[in-house]
Amino acid sequence: MNTSEVEQSRTDARESEKPAAEAPVILKLTNASRTFENGAQKVAALGSIDLEVREGECVVFFGPSGCGKSTLLNLIAGFDHPTTGEILLEGKPVEKPGPDRLMMFQEHALFPWLNVIDNVLYGLRRQRKFRFRRRLRHVRARELLQMVHLDEFEKASVHELSGGMKQRAALARALAPDPKILLIDEPFPGLDALVRAKLYAELQEIMLRTHKTILSVTHDPNEAACLADRVFVFTGRPGKIKAEIRVDLPRPRDIADPKLAEFTSRIMSELEQGAKA
Ligand SMILES: Nc1ncnc2c1ncn2[C@@H]1O[C@H](COP(=O)(O)OP(=O)(O)OP(=O)(O)O)[C@@H](O)[C@H]1O
Ligand SMILES: [Mg+2]
């Protein structure tokens, strides 16, 4: 490392020590809503949302089916535009998708014709610092696979992986372009409890190591409490924020930790109240 890199890494270390409450706001939504129009039919999917997310935070959206959670992630990803209001990323309006915001979908979305490491390498190809540096790309891809404990499977084909392994490979690929914000839309359904527990542990390891800003959607209140710094509970469609619940437990958190129960029951009770309102 040269002197400026050492200085930078010291600054990074200091930044990462800052409590999330002092970190700069990376994402700001003001009166953001989305109504879909198909001919004469209008569907108000998402009500007016005001929200600030700080760098390095993990924010989880929790709410009834159809309340606009995926719509909200799509707006933040830049796949779609709000009907009202604005979305600012580091002070600039979100207009289109970009490598600074990567979405991990419910379906793992790996390329089946590429093996595990080539899927991760694909995510690195477009990064300037790796563009003409094949060896460095491989080193980085292996680091990412180690982070999700898939380094022994780098040459495996996608069809040879279990569901949980596919999700871990997809996580490594999503992290490859080093996005500022990772958007996760219910990536863990259909996996058994032990595999999920392992994925939660890995995701938290990644949070602690990389201080990525993560916005995630789930239907599982326990998962929300395990992963989030703040959980936003939504009302039914058009979804609005019913409650914000701060989970101030230290990380890494174990999904089976009884301390999560208090938060899980608050999340559920807000959901139920939102449904009655
Ligand atoms: N492109 C679209 N055109 C028309 N309506 C849409 C479109 N996308 C979503 N909707 C509608 O908007 C509403 C919210 O959908 P969305 O997928 O955001 O819900 P969700 O909260 O993610 O639900 P789930 O938890 O079931 O995934 C639904 O009524 C859906 O039918
Ligand atoms: Mg959805």
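Before checking distances, I noted the cut-off: a polar contact is a pair of N or O atoms within 3.5 Å. I also kept in mind that this is a predicted model.

**Entry 1: contacts to the ligand.** I began with the backbone and found an N or O atom of Gly68 lying 3.0 Å from an oxygen atom of ligand 1. Next I turned to side chains. A polar side-chain atom of Ser65 sits 2.5 Å from a ligand 1 oxygen atom, and one of Ser70 sits 2.8 Å from an oxygen atom of ligand 1. I then looked up the surface: taken alone, ligand 1 exposes 640 Å², and the protein buries 64% of that.

**Entry 2: the shell.** How many residues surround ligand 1? I found 15, and the closest are Ser65, Gly66, Lys69, Ser70 and Thr71. By type, I listed five nonpolar, seven polar and three charged residues in this shell. Which element gives the most to the shell? It is H2, with three residues. Helix H2 covers 69-77, and strands E1 (25-38) and E2 (41-54) each supply at least two shell residues as well.

**Entry 3: the cores.** My next stop was the largest nonpolar core, which has 54 residues. Those touching the most other members are Leu171, Leu203, Leu227, Val231, Val233 and Ile267. Helix H5 (residues 163-175) gives the most to this core, with seven residues. I followed Leu171 and, leaving out residues up to four places away in sequence, found that Leu171 touches Met104, Val148, Leu182, Leu203 and Ile206. Apart from this core lies another, of 26 residues, including Ala32, Val59, Val94 and Val217.

Note on methods
Residues numbered from 1 in each chain as written. Chains lettered and ligands numbered in written order. Predicted model: local features only at pLDDT ≥ 70, side-chain atom pairs only at ≥ 80, totals over all residues. Heavy atoms only, no water. Near = heavy atom within 4 Å. Polar contact = N/O pair within 3.5 Å; in protein donor to acceptor, adjacent residues only side chain to side chain. Areas by Shrake-Rupley, 256 points an atom, 1.4 Å probe, with all protein chains shown as cover. Helix = DSSP H or I, 4+ residues; strand = E, 2+ residues; numbered from the N terminus. Nonpolar A, V, L, I, M, F, W, Y, C, P; charged D, E, K, R; others polar. Core = buried A, V, L, I, M, F, W, Y, C linked by side-chain atoms within 4.5 Å. Buried < 20%, exposed > 50% of the residue type's maximum accessible area, 1.4 Å probe, protein only. Contact = heavy atoms within 4.5 Å.
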